[in-house]
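Please study the sequence and the structure before reading the solutions.

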Amino acid sequence: PSQFDQKDVIGLFKEKEGVTVIISKELADRKKIPYKFIASWITLNVHSSLDAVGLTAAFSNALTKENISANVVAGYYHDHIFVAKDDADKAMKALIQLTESSQ
């Protein structure tokens, strides 16, 4: 994390085994930081409470039906889903369909 400014960090999580840092691919390439996963970032435009029940399960189930792996980060104002770049369009379609079916 000390290789770049905090303003460039999208997300950071510390575990006993190491640190996971979410940054743009462009920054990683520029700083020669190795990575193993290129994701598309989807922000849910729903303000969800951190103690809300069921939202994560709903979109997780919709993505699971399409065989899409999702890495979820819950922010205070929104949930953010990181999916493999190749699955981004399919994920958006599944999430839009979920939204339309719940209205």
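**Exercise 1: The nonpolar cores**

The largest nonpolar core comprises eleven residues: Ile 42, Leu 44, Phe 59, Leu 63, Ile 68, Ile 81, Val 83, Ala 88, Ala 91, Ala 94 and Leu 95. Such a core is a set of buried Ala, Val, Leu, Ile, Met, Phe, Trp, Tyr and Cys residues joined through side-chain atoms within 4.5 Å. Buried means under 20% relative accessible area, exposed over 50%, and partly exposed in between (1.4 Å probe, protein chains only).

The model is predicted: local features need pLDDT of at least 70, side-chain atom pairs count only at pLDDT 80 or more, and totals for chains, interfaces and linings use all residues. Residues are numbered from 1 along each chain as its sequence is written, and side-chain values use heavy atoms, leaving out hydrogens and water.

Task: Determine which helices and strands each supply at least two residues of this core.

Solution. 
Step 1. Helix H2 (55-65), strand E5 (79-84) and helix H3 (88-101) each do so; helices (H or I, at least four residues) and strands (E, at least two) are DSSP runs, numbered from the N terminus.
Step 2. H3 gives the largest share, four residues.
Step 3. Another core, of five residues, lies apart from this one and includes Phe 4, Ile 23, Ala 28 and Ile 33.

**Exercise 2: A positive phi**

Task: State where Lys 32 is found and whether Lys 32 counts as buried or exposed.

Solution. 
Step 1. Lys 32 is found in the loop between helix H1 (25-31) and strand E3 (39-43).
Step 2. Although not a glycine, Lys 32 has a positive phi of about 60 degrees.
Step 3. Lys 32 counts as exposed because its relative accessibility is 71%.
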